[in-house]
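Me: Hi! Could you walk me through this structure?

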There are 4 protein chains.
Amino acid sequence: MEKIDFSGFDIPEKEKKILEAAINVFSEKGFSAATTNEIAKNAGVAEGTIFRYFKTKKDILRGILIHTLNMFSEKIVIANVEKLLLESEDKDIRVILKEIVYDRIKLLESIFPMARIIITEAMYHEDLREAIYKNIIEKALEIFKLFHKKMVDKGVIRKDIGPEVILRCVMGNIMMLIAQRMLYRDKLDIPDLDTEIDKMIDVIVLGISEQRRE
Amino acid sequence: MEKIDFSGFDIPEKEKKILEAAINVFSEKGFSAATTNEIAKNAGVAEGTIFRYFKTKKDILRGILIHTLNMFSEKIVIANVEKLLLESEDKDIRVILKEIVYDRIKLLESIFPMARIIITEAMYHEDLREAIYKNIIEKALEIFKLFHKKMVDKGVIRKDIGPEVILRCVMGNIMMLIAQRMLYRDKLDIPDLDTEIDKMIDVIVLGISEQRRE
Amino acid sequence: MEKIDFSGFDIPEKEKKILEAAINVFSEKGFSAATTNEIAKNAGVAEGTIFRYFKTKKDILRGILIHTLNMFSEKIVIANVEKLLLESEDKDIRVILKEIVYDRIKLLESIFPMARIIITEAMYHEDLREAIYKNIIEKALEIFKLFHKKMVDKGVIRKDIGPEVILRCVMGNIMMLIAQRMLYRDKLDIPDLDTEIDKMIDVIVLGISEQRRE
Amino acid sequence: MEKIDFSGFDIPEKEKKILEAAINVFSEKGFSAATTNEIAKNAGVAEGTIFRYFKTKKDILRGILIHTLNMFSEKIVIANVEKLLLESEDKDIRVILKEIVYDRIKLLESIFPMARIIITEAMYHEDLREAIYKNIIEKALEIFKLFHKKMVDKGVIRKDIGPEVILRCVMGNIMMLIAQRMLYRDKLDIPDLDTEIDKMIDVIVLGISEQRRE
DNA sequence: TATGAATGAGAATTCATTCAT
DNA sequence: GATGAATGAATTCTCATTCAT
């Protein structure tokens, strides 16, 4: 499992190692089934050391969440989307969407261990869902609405389909594709991600385009 | 939390109560965080009684899985999809898909507690993913391929997009919609499911249709 | 495992079956490790039925002990020894002892399952040792003393070795031989029990005889 | 209950205390009837601490077994027997045997709690019997055969009685004597162990000697 | 009388957390 | 700061015993 890069966040070396180890272990067994002992071994520190940096086991999880959500909120991450969506003035919507989808899939897959933990825990904790909403969904929707409006105004996207429906469709496709690639690599292999995204985008763009409708 | 209906499956009364309680508790806390003590209390039986029906705590989970997969595999459930997809000779593809999507959303939401448990655990257990694949994904793909071929032959669906891409799109939309309704009811309210599905289908059908393409 | 014969003791059929089953199960796993459930299955009765005949699990053990000790105390059993030891007026001591040893080995091996349970439990329970002492050891010693005196009086056995020493020697030999045959059949095989006893008796008789000493 | 001396074996202090406590508790109640809770209290540690040193309760038993067998296998223990049996060139067989028997009785009585546990459990577990055979019986038999051969060659012991018969006789006497002293101290008191062993040896030596036979 | 489902006290075991070194 | 041994509360699971049928 590839290591998550915490560089750029000002964290003590040991804490970083513990977080990395925790992400790996939580991601493999789930939060509850993971033991602090295993995290300690994985991090190469003593079990007691963990509790110097994190008051409780739950605090480690909280640390992971904070760092993951921070990553998403990071200027670069958001900026990238904003730039792709809003500043690609003359590009074809197909190209814009493809770039965005490709970018998000790569991002999500690079943090898959963290994402898996967060999604799982979000299933059971309202407050976590709240945090995800505030930090990711709300922002994504905000930006996407701008993009949508722009596209509708340009007559590229049909105006009778709200941005929520489209975003849900795009995100649904992304999530399923990632699930397929991460969890069913052996059964539902995707030889060429690029082509696969092309087709996905093709369907969506066609479905939301203005020009081809009666 | 609504009770799952086990009627029709020949299960002892007590086992039914334990399964129902386990579904509730697992669904609220996740498998590992749930305790057999809590399940027992929830089921109104002694803790020991649980272990007369299920050898281990994990066996309860297995029981839930089996019953859930059974529900999906049930003739009626499968038959319903098959009928909708394959026997609706003259219906518009839009109508067919809408019926199917509506039907699946209702089904999945009715078993949401079970589904939540299984999806969560599937994140961490290869064998469970295997079971889901064999019992649900494979069968769904099989039926959908027939439908797809028929529609392509009839010139309704474009032939350059494989059934996998379309099914993934439909399922992604369904999953996101359910997540939205079940987990973000307060934040992302959907006042009219019917209209929402209409829009979703509209985009998809337009995206996969043959007739409107150059 | 051969069944112990309780016929002759006036016991209800079911109780007999339970006792037989308990002997088998206790003898295979030890008292504490055996479960009433297994005993019930072995006896072909319901678990509840056991507790109609025996108040507690410990009571089953007590039942076994009582019957086993009763067997030893039974006139026939004692009488046999008495007859062999005391009424064989003219027989060679070698022949007498051999008959006795052979007889006891056969007896003990026939009730080996019961004996194993009793010996094991006697290791840990003073009261059981007390019962064994009163019912078996004391009586055996009593009879043996008579035999010893007779033999000493006849000038057959040396008078400087007390009957306790000799009895202990005989019993030690018997116990070791049985342990060997019952527990180490594969490793320390005794092809011909008869010859083996002959040798054992030969050593003992020679050791305790009067005639050959200076 | 006297404490077993583990000094000389390199074991952590706590593990030593747990083993000592376990020996006491197992020896008083038997393995199955003993509880880890009681062992913990006896050892003056928390129950959880036990499981830092021994993975399972059964592992404690294994630990006891290993240490007991180690004691027997210890060079000093074996060497002592070998020296007594084989290097006492000119000593009377009576003296040699007495020393050996006395030595073994003292050894066995010093580890009586451990021996009691092991013998009891060996009644029910083939693998344990196997371990006893390999570590004790086989070695004892080996050494004794050498001694026997030497004595036969010297014309001291009759050649028509195999070493197995003699060893069984000696061991039977030892076992019975120990049982008597350890389990029936009050009923079958032996005021003078020395004299008692003298008599036992006298009988055996007379029984196996060459010189006095016709 | 016989049954066997249900019980719940008690057992082994786990593991986050503490704390002396 | 770092360690890891020790803790003990909590958890899963067992099983003798009860009792309604």
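Here is a short chat about a chain contact, a helix and a DNA strand.

Me: Anything to know before we start?
Reply: It's a predicted model, where local features need pLDDT of at least 70, side-chain atom pairs count only at pLDDT 80 or more, and totals for chains, interfaces and linings use all residues. Residues are numbered from 1 along each chain as its sequence is written, while chains are lettered from A and ligands numbered from 1 in the order in which they are written.

Me: How many residues of chain D are in contact with chain C?
Reply: 33 residues of chain D are in contact with 31 of chain C, contact being C-beta atoms, placed from the backbone, within 7 Å.

Me: And which helix gives the largest share on the chain D side?
Reply: α9(D), with 10 residues. Helices here are DSSP runs of H or I, at least four residues, numbered from the N terminus.

Me: Switching topic: which residues of α4(B) are buried?
Reply: Ile60(B), Leu61(B), Ile64(B) and Thr68(B) are; buried means 20 or more other C-beta atoms, placed from the backbone, within 10 Å of the residue's own. They sit on the same side of α4(B), because they cover an arc of only 100° around the axis, taken from the directions from the helix axis to the C-beta atoms.

Me: What covers them?
Reply: The cover includes α1 (13–29) and α7 (112–122) of chain B.

Me: Last one: how many residues surround DNA strand E?
Reply: 30, and the closest are Thr56(A), Gly48(B), Ala46(C), Gly48(C) and Thr56(D). Near means a C-beta atom, placed from the backbone, within 6 Å of the strand.

Methods. Two residues are in contact if their C-beta atoms, placed from the backbone, lie within 7 Å. Helices (H or I, at least four residues) and strands (E, at least two) are DSSP runs, numbered from the N terminus. A residue is buried if 20 or more other C-beta atoms lie within 10 Å of its own, exposed if 12 or fewer, and partly exposed in between; C-beta atoms are placed from the backbone.
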